[in-house]
Amino acid sequence: MKAPSRTGDRPGAAGAERDEALVARVADGNSIAYEQLVLRHADRFLALAERLLGERTEAEDAVQEAFGKLWTRAGSFDPDTARFTTWFYRVVANACYDRLRRRRRTQALPDGWDAADERPGADETIVGRQRAVAVRAALDRLPERQRLAVLLCYFEDVSNIEAAETMEISVKALESLLVRARKALRDRLAAGEERG
Amino acid sequence: MTIADTARLERLLATRGADPARWPAAEREALTAALAAARGSPAFERAGALDAALDALPRPAPAGDALLARLMTIPDRMARRGAVGRLLDRLRSAMTPRLVAGEAAAFSAAIVAGLWLGAGTTMVQAETLDLSPWLLGAPMEMFDEASP
């Protein structure tokens with residue numbers, strides 16, 4: 001099969017159709033509009049899924065499930081109540097949550113799974129990699145909602161208002177999640193540095 | 001710098017980090033003076049250190065061609081699954097945990113009600129059942145084997 005070309009117009013580009021208008025056409029069964037949304041947004045939703053799940057293959061499966069829902073249930077999106085990205089972040093996050101719950105049921109984490117890589121190495125690349133492993137482990141240990149709040153606001157650069165809408169909570173509740181999440185991350189990373 | 005500005009700045013450092021580029025534009029402009037005063041403070045340093053740690057995480061790679069191809073062919077694949085598949089999808093998506101719990105509760109209630117009604121009924125043994133009052137009052141034709 002020929003590889004798809006990344007020709008999806010950015011939503012802000014001149015003449016580009018807005019996401020919400022494309023979703024309305026998807027609800028009518030228009031596959032061209034669907035392909036536009038895939039090309040525009042696959043990368044950002046895949047990035048969120050990979051950061052939530054910490055694993056590429058599962059992240060790709062979650063994104064595939066989410067886009068399947070876009071095709072079959074685009075009619076349930078209401079452009080008067082939310083932006084497309086707000087709604088679809090929620091769809092992707094829910095697909096990831098399902099996988100995280102299944103994972104918790106089927107496998108216990110081994111002892112020391114979150115310890116930083118202790119192998120010796122003076123190279124800065126290795127130090128950087130160890131640090132990334134420690135940050136990843138600290139993120140993975142956050143409660144689901146705190147983790148999603150950090151991922152949306154820090155990595156996806158989503159506004160507090162949009163992140164709160166995605167998570168179906170108030171802005172105040174979102175800010176409270178962010179404060180607790182950042183404090184927990186700081187504490188865990190500091191504890192890891194003391195151990196190391 | 002007002003007390004309100006200090007409080008807003010501390011809130012931003014605690015929620016969005018130390019990089020003003022990550023703050024809402026309106027806050028960024030309003031708190032320029034407060035930010036200049038806060039640089040080097042413990043709260044600013046703490047937020048900046050966490051930002052640096054988070055930035056150490058590698059950025060996920062973009063969707064590869066194989067994934068894009070899979071995503072693009074979802075409409076075709078779903079169309080091939082046909083009407084039965086779509087109906088199953090709809091049913092599956094309609095089966096929310098709350099709905100399933102409701103169905104289970106209704107089923108349990110029906111079983112309990114059946115047992116309760118059954119327990120309240122007097123059990124009659126066939127050997128001790130006396131039908132003579134009804135048989136004596138019945139018309140004789142009922143016992144005639146030749147009658148239709």
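Which residues line the largest cavity? In this predicted model, the lining of the largest cavity is made up of Val150(A), Cys153(A), Tyr154(A), Leu178(A) and Arg182(A) from chain A, together with Thr15(B), Arg16(B) and Arg22(B) from chain B. The search for cavities of 30 Å³ or more returned a count of one, and the space within the largest cavity comes to about 50 Å³. Helices α6 (144-155) and α8 (171-195) of chain A each supply at least two residues of this lining, with α6(A) giving the most, namely three residues. By residue class, the lining of the largest cavity divides into four nonpolar, one polar and three charged residues.

Arg16(B), one of the residues that line the cavity, also takes part in a salt bridge with Asp157(A), in which the closest N and O atoms are 3.9 Å apart. Because a salt bridge is counted here when a side-chain nitrogen of Lys or Arg lies within 4 Å of a carboxyl oxygen of Asp or Glu, the pair formed by Arg16(B) and Asp157(A), at 3.9 Å, is included. In general, side chains of opposite charge can pair when their charged atoms come close. Between chain B and chain A the count is four salt bridges, and the count of residue pairs in polar contact, with both residues at pLDDT 80 or more, is 15.

On the side of chain B that touches chain A, helices α1 (3-15), α4 (42-55), α5 (65-72) and α6 (74-94) of chain B each contribute at least two residues. The greatest contribution to this side comes from α4(B), which provides nine residues. Sorted by class, the residues of chain B on this side comprise 23 nonpolar, five polar and 10 charged.

Taken as a whole, the interface brings 38 residues of chain B into contact with 45 residues of chain A. The size of an interface is often given as the accessible area lost when the parts come together. For chain B and chain A, the buried area is about 3,800 Å², of which 63% is given by carbon and sulfur atoms.

Over all chains, the count of salt bridges comes to 22. Among them is the pair formed by Arg40(A) and Asp19(A), whose closest N and O atoms are 2.6 Å apart. This pair links distant parts of the chain, with Arg40(A) in helix α2 (residues 31-53) of chain A and Asp19(A) in helix α1 (residues 19-27) of chain A, 21 residues apart.

Terms used: Residues are numbered from 1 along each chain as its sequence is written. Chains are lettered from A and ligands numbered from 1 in the order in which they are written. This is a predicted model: local features need pLDDT of at least 70, side-chain atom pairs count only at pLDDT 80 or more; totals for chains, interfaces and linings use all residues. Side-chain values use heavy atoms; hydrogens and water are left out. Contact means heavy atoms within 4.5 Å. Buried area is the accessible area (1.4 Å probe) that two parts lose on being put together, summed over both. A polar contact is a pair of N or O atoms within 3.5 Å; within protein, one must be able to donate a hydrogen and the other to accept it, and residues adjacent in sequence count only if both atoms are side-chain atoms. Helices (H or I, at least four residues) and strands (E, at least two) are DSSP runs, numbered from the N terminus. Ala, Val, Leu, Ile, Met, Phe, Trp, Tyr, Cys and Pro count as nonpolar, Asp, Glu, Lys and Arg as charged, and the others, Gly among them, as polar. On a 1 Å grid over the protein atoms alone, a cavity is a set of points where a 1.4 Å probe fits but cannot get out, and a pocket is an open set with protein on both sides within 12 Å along at least five of seven lines; lining residues have an atom within 4 Å of a point. Grid points are joined across faces, edges and corners, and a volume is the space filled by probe spheres set on the points.
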